[in-house]
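Here is a short report on how parts of one protein model pack together. Look at the structure first, then read on.

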Amino acid sequence: MKNDFNKKEKLIFRILIDSIIVGTFAGLFSVMYRFVISKMDYCRGLLLYRDFNFKSLFILILLAIIISFIIYKLLKWAPLSGGSGIPQIRGEILGKFNMDEVPTLLSKVLGGGLGNLMGFSLGREGPSIQMGGASAKYIGKMLKRPPDEVKYMITAGAAAGLAAAFNAPMAGCIFAIEELHKTYSRYVLLPALIASIVANYVSFVIMGAETSFSFFVTKSLPMKFMWIAILIGILTGLIGGIYNFFITKFQDLFKKIDSRVLKFTLLMGVTIAIGFIFIEGTGGGHNLLEKMAEGRFSVKYILIILIVKLFYTTFCYGSGVQGGIFLPVLVIGGSCGAIIFAILDKTFGFEDYYINFIILGMSGILASVVRSPILSIILVSEMTSTFEHLIALSVVVIVSYYVAEFLKVAPIYDTLFERQLDDKNLLSPKERELGNYSIFEYAITDDLNVIGKSLREINFPKHLIIISIERDGVDIVPTADDVILLGDKITILINSEDALEIDEFFKKE
C-alpha cells in the first residue's frame, strides 16, 4: 500500500510539471495563431477586397491558385490536419488516429492562415485545440511518458488551446470533460485545469489581459422577461439543427467531386464572390460580432448576416480545409439574438438589454450545435466577462438543447468523428507509436445496466482489465465477484484499438 501511495504521489507531481509545460506550449501556439489570423484579417479587408476591378480580380484568382495548391499539399502531407481538429483529438485519445505532430502543427498554421487570408468563414478555436494536443503529444514522446499519460497530456493540451484561443480557462477544462472524454476523471480534470490556466496566463502576458469580446452585460434580464430566453432558445435550436445538417450535406457534395481542381475552383469561386459582394461574411467573424454589439442593425441586414454565415461557414467546413466552427457559430447565434431584439424592441422597449439578447443567442447556438450545455454557458460567460445572468443563459441553453434533440440532428463533433472513422486512410495502423494500451476512468451513472452486477456477470464488448474500483474515496482491488454500485469510479486497462467500443459501452444511454 505504501508503494502504491508513493507511485500516486509521484504521478500527481509529474502531472503538475507536465501540465505546466504543455500549457506553456499550447498557449504559445494559440497566441501565434491568433496573431497570424489577425494579420490575415487586416490584409484581406484592406488589400484584397477593397475595390472590384479586373486588376484586383486577377490578383485574387492568382492568389487563389497558389493558396489552393499549398493547402492541397499540406492536407496530403498531414491528412488529419483538415477541419477543426476536435474530432481528430478525440480519435487520438481513443486510439483510432495517430497524427504526425510536426506536419499537423505546420499545416494548421499555414493552411488556416492562408485560408483566412482568402476569407474562409472558419474560426481559430479548432486549430488552437488541435495544435495544443499535437504539441502535447510531441512533448510526451520527448519526455518518454507512458502511453496512457501521453493521452492525458494530449487532452490537457487541447483544453489549453481552447483556453488561450478565447481567454477562457474554465471552458477549456469543461471542454476536456464534456466534449473530449465525456466523463469525469481526476486524470482528465487536473492536467486540463493546470494547462488551461497556464495557457491563459501566456495569452494574457503576450496579448494583454482582456476578455475575448469587449461587450458584456450591464443589466441582468428581469425574471418577468425570461420568456425571451425561451424564444431565443427555440430559434437557436432550429438554426443549430439546420447548421449541422448543412455541414454534412456540403461534406457529401465535396466528396462527390472527384477532381481536386474542381473542388478548389468551387471553393475559391464562392469565396471570391462573397468577398466582393458581402465582405462582412468572410473570416471568422470576430469583428463583425463586435460591430453587431456596438450598433443596431436592421432586421434585413441581420438576416443577410445570418444566411450568409450559415451557408458560407458550412460550405467552407464541408470542403475539408483547415479551420474551426466556434467563432462563426457564435456570429450566427448573436444574429439570432439580434433578430429577436429587433422584432420585440419597438413593442416592449428592451433597449437596456440589447447585449443580453446577443449573448443569449451565442450560448444557445453553441448548445444546439455542439450539444455541450455546460461548456456553452461557461465559454460565453468567460468570453464576455458576464456571470450576472446565469439563469437566463441556462434557460436558453436548455431550450436550445432540447429543440436540437427534438430535431434528431446529432451533435456536430460526434457526427464528424463518426464520418472520419469511415475514412480508412485516416485510421491509425495497428502498431501504434504510443503503444497498444490505454488507461481510462469511468463514473458509474444510473443509466448503465452494469449496476448491481458482479464483474463476472457483465458482458463487456471487448477484453479489458479492471485495475481498481473507487468507492467512497477508497480504492478497492477488484475480484470477479465484486459488484458494481452506483457512484463507483472504475479504472480500466484496455487495448487502444478497443477504446471506442469500451467508451461507448460505459456512456450509453
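## Helices α7 and α8

At what angle do helix α7 and helix α8 pack, and how far apart are their axes? The angle is about 145°, and the axes are 8 Å apart. Helix α7 covers residues 169-181, and helix α8 covers residues 186-207. Helices here are DSSP runs (H or I, at least four residues), numbered from the N terminus. Axes are lines fitted to C-alpha atoms over the stretch in contact, with angles from 0 to 180 degrees between N-to-C directions.

The crossing of α7 and α8 is right-handed (the near helix is turned clockwise from the far one by less than a right angle). Contact (heavy atoms within 4.5 Å) involves residues of α7 including P169, M170 and H181, and residues of α8 including V188, L189 and N200. By class, this contact has ten nonpolar, four polar and no charged residues. Ala, Val, Leu, Ile, Met, Phe, Trp, Tyr, Cys and Pro count as nonpolar; Asp, Glu, Lys and Arg count as charged; the others, Gly among them, count as polar.

## How the model was read

This is a predicted model: local features need pLDDT of at least 70, side-chain atom pairs count only at pLDDT 80 or more, and totals for chains, interfaces and linings use all residues. Residues are numbered from 1 along each chain as its sequence is written, and side-chain values use heavy atoms, with hydrogens and water left out.

## Helices α5 and α6

The axes of α5 (residues 125-142) and α6 (residues 147-166) come within 7 Å and cross at roughly 145°. This crossing is right-handed. Among the residues that meet are G132, G133 and A136 in α5, and G157, A158 and G161 in α6. The contact has ten nonpolar, six polar and two charged residues.

The structure holds eleven salt bridges (a side-chain nitrogen of Lys or Arg within 4 Å of a carboxyl oxygen of Asp or Glu). In one of them, the side chains of E149 and R14 meet at 2.5 Å, N to O. E149 lies in α6 and R14 in α1 (residues 2-48), so the pair ties together parts that are 135 residues apart in sequence.

## Helices α9 and α16

The axes of α9 (residues 226-256) and α16 (residues 390-406) come within 7 Å and cross at roughly 35°. The crossing is right-handed. The contact includes G233, I234 and G237 of α9, and V395, V399 and V403 of α16. Its residues divide into 13 nonpolar, four polar and no charged.

Conventions. Helix = DSSP H or I, 4+ residues; strand = E, 2+ residues; numbered from the N terminus.
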